[in-house]
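My notes follow in the order I took them.

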Amino acid sequence: MRNFTSPLLIIVIAFLVFSFTPPEANEIKSKTASENSATIRNNAKTVVLDSAALNQFFKKYSKLKKYKNDVLDVYKNRGFKSIWYDQKNITEFGHLLYQKVNVLKEQGIDKEMPYKDDIDAAFNESSAEKPSQTETELLLTNMYVFYASNVYSGVDPATLKKIGWFLPAKTISYAKILDSLIVDSNRLNEDDNLLFSQYYKLQAALKKYRKIETDNLWQPIEIDAATYKDLKPFDISNTIRDVRQRLFVVGDLAQDSKSDVYDEELMAGVLNYKKRYGLKLNYTLTKEHIDQLNEPISKRIKTIMLNMERCRWIPAKLAKADEYIMVNIPSFRLIYVKDGKYDFTSDIFVGTRMTETVIFSGDMDRIVFSPYWYVPTSIIQNELKLQMASDKNYLADHNMEWNGGRVRQKPGPKNSLGLVKFMFPNPNDIYLHDTPAKSLFDFEKRTFSHGCINVKEAKGLALAILKNDPDWPAAKIDQAMSGEKETTCMLKKKIPIYIGYFTSWVNDQGEISFFPDVYGRDENLDKLLYSDSVSMK
């Protein structure tokens, strides 16, 4: 062994002792070294911690106590070895993560890591007051948990239930995610195994809209509200010039000719804008359309951020399923996905504000053709009894009858469920179905039902689902939908169905759509995420 003569130089060997305590415990209690000793080791030297040092750390950095259990899990998974040091220096991965935390706004997150100044000092070589190596190690682990919980998890499952979001909950392990990120740090930029693919599309849109804001390109569209008349093709006005500029900025037009004439080029841009916003496809520009175009870009940015948050709640594997149906309430659209492609789409209408369609998931197991409609008790009590009291022939006139103490409507073209319904057992008694009220699809905002989802192209959906089933050729489906008798088709394979709520969505071409916040959920989520009175991750 090499001899050292300096009396001032000593070799420090110690042990990092982590005591795993029940959640209700406030302090980390010491155990025997043989039971629970652990050391954070570096190649150059050894960092020594004990239970007192850990308690002192979380006492000093009290705002980090909510991460304590996750921090301990991370170290336990890695054998209590140093995560952030390579010899005496912070690792390259530590620097990459620090950079990501510095630009959290790119992730649609408007939060700051507690004790960010201390972390900044640790990365600043010229800083005179750096935290100790032990404090830096623990600060960076807390920084990782802060980042992962905000970017990959979002709102916790218990809060999701409170706000009425009952889609499949995402479960992740911060310890396992850290292992994968250290192996491949590029996953910090994009990883569709961690985040629902729509997240990254919205992230790109967020970057675009923030640049529009920074470059001051979101100029107001001037109108005289008192004298405004609907704009139509070949009209001439300054408003048309302003509309053209806006549609160019957001990408609905390839160029801005600066013309004040409503020409064919602008017609195409207007149609694309209306398609993105889920509006009726015509060339007329009403005052309501201009008001919508004049909404502040800050509102558009916030909408994108809120929907990025919703994407954090979705298991990444959802969009990788071979077959599923997704209903988006604000867009009033249904999408049937088969083998990774949009196989079928249809307009829908959903529940009113008094009878909101619930956000949840289920498995469609059968299709019922020419169905009976068993009138819900609430409708009988609140509506039907009054009708029957004033008209004794009401049931017969509406093709209804009593059956086992319940009222049901017989099969037929006027049945409230139309000629087909799609069943997926759930406690909310919600399902997809046809409707005889086709005229309601002429409205842009379609909140009319008692909670079920009314499908405009219900027959088309049935044909799409059963097109590869030899037992159900199109002719048999036609016969089953004749309205003569109820016929049930049990699906050979259950189809997942997801009823979600996204007020912005980006398609595969990179075009972003914005939809009305029909149930006021954006406003509520905004308060939940950004209110100082709410404790978040």
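**Entry 1: α9 against α13**

I began with helix α9 (residues 197-214) and helix α13 (residues 297-313), which pack at an angle of about 165 degrees with their axes 9 Å apart. The model is a predicted one, so I read all of this as computed. Angles over 145 degrees count as roughly antiparallel, and α9 and α13 are therefore roughly antiparallel to each other. I also looked up the hand of the crossing, and for α9 and α13 it is left-handed.

Which residues make the contact? From α9 I listed Gln-198, Tyr-199, Leu-202, Gln-203, Ala-205, Leu-206, Tyr-209, Arg-210, Ile-212 and Glu-213. From α13 I listed Ile-297, Ser-298, Arg-300, Ile-301, Ile-304, Met-305, Asn-307, Met-308, Cys-311 and Arg-312. Sorted by class, the contact of α9 with α13 has 12 nonpolar, four polar and four charged residues.

**Entry 2: α4 against α6**

Next I took helix α4 (residues 92-102) and helix α6 (residues 133-153), whose axes come within 10 Å and cross at roughly 50 degrees. That makes α4 oblique to α6. In this pair, too, I looked up the hand: α4 passes α6 in a left-handed crossing.

On the α4 side I noted Leu-97, Tyr-98, Lys-100 and Val-101, which meet Met-143, Tyr-144, Phe-146 and Tyr-147 of α6. By class I get seven nonpolar, no polar and one charged residues for the contact of α4 with α6.

**Entry 3: a cavity**

Then I went inside. How many cavities of 30 Å³ or more are there? The count comes to three. I picked the second largest cavity, with a volume of about 60 Å³.

I wrote down its lining: Tyr-209, Trp-218, Arg-246, Leu-247, Val-250, Tyr-273, Arg-276, Tyr-277, Gln-292, Leu-293 and Arg-300. Tyr-209 and Arg-300 were already in my notes, from the contact between α9 and α13. At least two residues of this cavity's lining come from each of α10 (238-250), α11 (264-276) and α12 (287-293). The largest share, three residues, is from α10. For the classes I have seven nonpolar, one polar and three charged residues in the lining of the second largest cavity.

**Entry 4: the largest pocket**

I moved on to the pockets, and the largest pocket has a volume of about 960 Å³. It is lined by 38 residues, and closest to its centre are Trp-373, Pro-376, Ile-379, Ser-416 and His-450. I looked up which elements give two or more residues to this lining, and they are β12 (373-374), α14 (377-390), β14 (406-409) and β17 (447-449). Of these, α14 gives the most, with six residues.

My last stop was the second largest pocket, with a volume of about 810 Å³. Which of its 31 lining residues are the closest to its centre? They are Lys-275, Gly-278, Arg-333, Ser-513 and Phe-515.

Two or more residues of the lining come from each of α11, β8 (323-328), β9 (333-338), β10 (341-351) and β20 (504-506). The largest share, four residues, comes from α11. The lining of the second largest pocket divides into 12 nonpolar, eight polar and 11 charged residues.

Conventions:
Residues numbered from 1 in each chain as written. Predicted model: local features only at pLDDT ≥ 70, side-chain atom pairs only at ≥ 80, totals over all residues. Heavy atoms only, no water. Axes fitted to C-alpha atoms, helices over the stretch in contact; angles between N-to-C directions. Parallel < 35°, antiparallel > 145°, perpendicular 65-115°, else oblique. Left-handed = near helix turned anticlockwise from the far one by under 90°. Contact = heavy atoms within 4.5 Å. Nonpolar A, V, L, I, M, F, W, Y, C, P; charged D, E, K, R; others polar. 1 Å grid on protein atoms, 1.4 Å probe; cavity = no way out; pocket = protein on both sides within 12 Å on 5 of 7 lines; lining within 4 Å. Points joined across faces, edges and corners; volume = space filled by probe spheres on them.
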